[in-house]
Amino acid sequence: MTAAGPRVEVLAGWGMAHHARSRVYRPADEEGVAHAVNDAVARGLSLTARGAGLSYGDAALNQGGAVVLTEGLAGVVSFDPASGRVTARAGTTLRELWTRTISQGWWPPVVPGTMEVTLGGCVAMNVHGKNHAQSGAFGAHVEGVTLLDGDGATRRVTREESPAELAAVVGGMGLGGVILDVTLRLKRVHSGFLAVEGWATRSLEDTLEALRAGVADSDYTVAWLDCTGGRAGRGVVHTARHLDEGHPLVGEGLDAEAQGLPSRIAGVLPREWAVAPLKALNRPAGIRLLNAAKHGAARVRGRSRYVQTHAAFHFLLDHVPGWKRIYAPAGLIQYQMFVPAESALSAFSAALERQRALGVPGHLAVVKRHRAEESAAGYCMDGYSLAMDFPVGRGEGYTRLVRLCAELDAVQAASGGTVYAAKDAVSAGLGRLPRKHDPRFSSNLVRRWQAASPHPQP
Ligand SMILES: Cc1cc2nc3c(=O)[nH]c(=O)nc-3n(C[C@H](O)[C@H](O)[C@H](O)COP(=O)(O)OP(=O)(O)OC[C@H]3O[C@@H](n4cnc5c(N)ncnc54)[C@H](O)[C@@H]3O)c2cc1C
């Protein structure tokens, strides 16, 4: 057992725009986590767990309190290749998980846009993938967790014996305690490849309709959306299907090496070199150009059909390691609004219109179809989401972004929608857009479990 620390450190949200000063514990094992919790409680500090810290905003920050990192809790504990039932420690990343299980034909049932997230973070935020409408969010596939609560007690919470308690842990942002391990049902796959289809859409209406229809006859659906210029709302839709048992590629690609992301982008540019040219283009004219080029290329290709590895299809953003440096030093925020299906067209049209009017277009935007389900996270509705990345500018640009966020809040609220806490830190209910290290913008507006009030400074 080791319980290093705690040290006072400034941690950042993944988007680099939100920072918080906390007492940080780096326990090496479960016993160390229990020790950290007891120590933080004895000091009267509020406490939050932190996985890979890949939440864009403030979800894994805790200004003035304690943060327990779960990096020491890594590794698969047990895996049954016959049933696909796996138990892994909470700090295990999805990359570590699928690397271990794919050779036996098992893949995580739900993955977000990066494979570097931890299982604890996936449960606590109830993350969704490109198959939310078809297969539900991460929590729908969780059989149980081991939880360490604020009294230092450890207990098993399972779907079979304590479904209500498990439902509160799933999407509960870790407010119920530190998740120590997760038992999950994996998805059987017969090939390391997916059959992908992609095509360009002409308008927002077209994009939403393509996603709606795509859900009925595919396993995964997603659309990239152009938020720039006079054609904002056009996009590129991708659907993907698992290969059936008779397909010639069955049995192929089922190893970590085959799933490896290509070392060069478009076969030319080494992945590590991509940040500099993308950073040079990360300004209004460059972003318009990139969006137009992406749409234009898809239009020229027409309806394209090809096979792609699971990793390449799901983790597009992992193709460029450290791509967020494009937005350094001020960082980026992601605004993701979820709205009911019937109001998606008007809400997203209004969101695009507000961006145009304020001159703050989203640099990268993604639309997905979702389904309603029980989750403490509360974002899972029968509808669509629109996720938009914005650079956190300075001066006038910053002021316009703050105004845009408030206007997007109004659009989202008027549509009966909500935001997703894994991305959020700027919507009215949860916080504000912070300036670096400014204590007035302490990100700790989400109530932390075992909170001491008022929080003593670490
Ligand atoms: C490039 C990129 C793409 C993304 N795409 C998607 C997407 O498609 N869909 C989606 O849903 N999300 C997406 N996300 C968001 C990401 O999946 C979530 O924020 C996820 O929770 C991050 O996991 P993490 O391990 O980094 O958790 P952290 O960010 O460290 O923590 C997230 C929350 O979980 C809690 N937590 C973490 N570990 C534990 C634990 N062991 N016990 C208790 N509580 C814990 C934290 O307190 C915090 O509230 C994306 C993020 C990035 C950077």
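## Domains

The centres of domain 1 and domain 3, taken over C-alpha atoms, are 31 Å apart. The model is predicted: local features need pLDDT of at least 70, side-chain atom pairs count only at pLDDT 80 or more, and totals for chains, interfaces and linings use all residues. Residues are numbered from 1 along each chain as its sequence is written.

The protein chain is assigned domain 1 (3–71), domain 2 (76–188) and domain 3 (193–253 + 262–314 + 320–419). These bounds come from an automatic or database domain assignment. Five residues of domain 1 are in contact with nine residues of domain 3 (contact: C-beta atoms, placed from the backbone, within 7 Å). The side of domain 1 that touches domain 3 has three nonpolar, two polar and no charged residues. Here Ala, Val, Leu, Ile, Met, Phe, Trp, Tyr, Cys and Pro count as nonpolar, Asp, Glu, Lys and Arg as charged, and the others, Gly among them, as polar.

## Around the ligand

Which residues come nearest to the ligand? They are Gly51, Pro112, Gly120, Gly121 and Gly174, out of 30 residues around the ligand (near: a C-beta atom, placed from the backbone, within 6 Å). Strand S3 (47–50), helix H3 (119–125) and strand S10 (178–185) each give two or more residues to this shell. Helices (H or I, at least four residues) and strands (E, at least two) are DSSP runs, numbered from the N terminus.

H3 gives the most, with four residues. By class, the shell has 17 nonpolar, twelve polar and one charged residues. Domain 1 and domain 2 each supply at least three residues to the shell.

## The nonpolar core

The largest nonpolar core has 122 residues. Such a core is a set of buried Ala, Val, Leu, Ile, Met, Phe, Trp, Tyr and Cys residues joined through C-beta atoms within 7 Å. Buried means that 20 or more other C-beta atoms lie within 10 Å of a residue's own, with C-beta atoms placed from the backbone. Val68, Val123, Ile179 and Ala223 touch the most other members. Strand S18 (residues 332–340) gives the most to this core, with six residues.

Leaving aside residues up to four places away in sequence, Val123 touches Phe138, Gly139, Val142, Val145, Val169, Val170, Ile179 and Val182.

## An open sheet

Eight strands form an open sheet with antiparallel pairing, in the order S17-S12-S14-S13-S19-S20-S18-S21. Strands pair if DSSP finds at least two bridges between them. S17 (304–309) and S21 (418–419) are the edge strands, each pairing on one side only.

S12 (residues 193–201) runs antiparallel to S17, and six bridges join them. Val196 has Tyr306 in S17 as its bridge partner.

Conventions:
Two residues are in contact if their C-beta atoms, placed from the backbone, lie within 7 Å. A residue is buried if 20 or more other C-beta atoms lie within 10 Å of its own, exposed if 12 or fewer, and partly exposed in between; C-beta atoms are placed from the backbone.
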